[in-house]
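I opened a new notebook page for this model. My plan is to go from the single chain to the contact between chains.

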There are 2 protein chains.
Amino acid sequence: MSLKYALLGFVDMMPISGYDLKKLFDSSVVYYWSATHTQIYQTLAQMAEEGLVDIEVVQQVEHPNKKLYTITDKGRQALREWITTPQELSIVRHALLVQISWADRLRTKEIVNLLDTYAQKLHQRLVLYQEESQLSPLQYARSKRERLLWQLTIDNGVAVYKAELQWAENAILQLRALENSTSSNLEKSHESE
Amino acid sequence: MSLKYALLGFVDMMPISGYDLKKLFDSSVVYYWSATHTQIYQTLAQMAEEGLVDIEVVQQVEHPNKKLYTITDKGRQALREWITTPQELSIVRHALLVQISWADRLRTKEIVNLLDTYAQKLHQRLVLYQEESQLSPLQYARSKRERLLWQLTIDNGVAVYKAELQWAENAILQLRALENSTSSNLEKSHESE
DNA sequence: CTGCCCATGTAAATGGTTACATGATTGA
DNA sequence: TCAATCATGTAACCATTTACATGGGCAG
């Protein structure tokens, strides 16, 4: 369960509440994992049971009380151990590709539309990352080395999304080319074979 | 739930059993989704309840009986509708990037090791896809157009994994460069700042 | 006075994996 | 005789999402 260790790393930087962890996870810098507040609160509770973190309740007047989580020695040790354990390649679940593989039922126009919508979303995401990588948490890095590591995680997102974008644009070209070649001597044909 | 429609597309090609669907999903051609047999059997049962598929039990002597699933008109309609519905970008859950982001605790050698192990796995996967794309189910495509679409799903995997590979190799270079620049006038230093 | 921020939680459902179970056939 | 293939399933668990719940402070 990687979420546990994603959280633990932040807790190791500073005592922090579940609420603030959620905000960090929503920032695009932590693009490589996401979680709902429900899951974060529950995972933190579980980590406390396992002795990886300690809880300190901070009384507040103008706001609801908050729980600050602090890493323990056991937590620090568990984190270090997990970090060095090789992980399997992530399992791919790519809804668009499921659609593409059965899209022969659609008109070329519709398929191109699917790909184009996808490309637009990729483009938005890319812009977000490239902007974000200039500002924000990267500056809180405690060493040049840590900043490089954080930059690398963003670079990964940029690299992957750029590859997907190129793929989508190229896919559109190939589909159009096929359409032109097969319906070249027919007016507005919708036949597929 | 994309699994339902991934299954439905195959069922629309030919009457097929859960067992054979599992085999298809395990072939690397369907790289974009995976499922255990448990999940496939249960999803098929659910699809039957919803009236998307019909079940025919085939009695066998030398082997256990099997259930052949056939698509219904309702199923065909549901599939077409889902295919044209734009999906959100997949949620990224990238365990290696969680490790990288907290890896300042490790020696450069250990980080490089992580990246290198990852790169090797990517390489294996890439070889698999590029081999597989020549043989196998691609030949069962019912039209030139369908074959192009299936090829595109494989191309996507190849493109993404190539991008990740380049990223990993580049990351190793950057880490080594940083190490050389910061410990240039120290013998075997392990300091990070 | 509307809606967002602060801050945490419970309950229920969905999606997915792992373990356990059966039992005949076939090839090394 | 050992393991794999054929073929399906249940039960329990883990991971994650969605919906529901509370309640004061603060800005437009």
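This is a predicted model: local features need pLDDT of at least 70, side-chain atom pairs count only at pLDDT 80 or more; totals for chains, interfaces and linings use all residues.

**Ground rules.** I take domain bounds from an automatic or database domain assignment. Residues are numbered from 1 along each chain as its sequence is written, chains are lettered from A and ligands numbered from 1 in the order in which they are written, and side-chain values use heavy atoms, with hydrogens and water left out.

**Entry 1: chain A overall.** I looked up the secondary structure first. Helices (H or I, at least four residues) and strands (E, at least two) are DSSP runs, numbered from the N terminus. Chain A has seven helices and two strands. In sequence order I read α-α-α-β-β-α-α-α-α. The radius of gyration, taken over C-alpha atoms, is compared with a globule rule of 2.2 Å times the number of residues to the power 0.38. For chain A I get 23 Å, well over the 16 Å that the rule gives for 193 residues, so the chain is more spread out than a compact globule. Along the principal axes, its C-alpha trace spans about 75 × 40 × 35 Å.

**Entry 2: two domains in chain A.** I have domain 1 at 3-83 and domain 2 at 95-191. Their C-alpha centres lie 33 Å apart. Contact means heavy atoms within 4.5 Å. Six residues of domain 1 and 14 residues of domain 2 take part. Buried area is the accessible area (1.4 Å probe) that two parts lose on being put together, summed over both. The two domains of chain A bury about 840 Å² between them, with 69% of it on carbon and sulfur atoms. Which three residues of domain 1 supply more of its buried area than any other three? I find A:Met13, A:Val29 and A:Tyr31, with 68%.

**Entry 3: a salt bridge within chain A.** I count a salt bridge when a side-chain nitrogen of Lys or Arg is within 4 Å of a carboxyl oxygen of Asp or Glu. The structure holds 22 of them over all chains. One pairs A:Glu50 with A:Lys4, the closest N and O atoms being 3.1 Å apart. A:Glu50 sits in the loop between α3 (37-49) and β1 (53-58), while A:Lys4 is in helix α1 (residues 2-13), 46 residues apart. Across the interface of domain 1 and domain 2 of chain A, the rule finds zero salt bridges.

**Entry 4: chain B against chain A.** I find 71 residues from chain B and 71 residues from chain A in the contact. About 7,300 Å² is buried between the chains, and carbon and sulfur atoms give 62% of that area. On the chain B side, B:Leu89, B:Trp102 and B:Arg145 lose the most area, together 12% of what that side buries.

How many salt bridges lie between chain B and chain A? I count eight. In one of these, B:Arg145 meets A:Asp104, with the closest N and O atoms 2.8 Å apart. From chain B, the elements giving two or more residues to the side that touches chain A are α1 (2-13), α4 (73-83), α5 (95-101), α6 (108-132) and α7 (144-182). The largest share, 20 residues, comes from α7(B).
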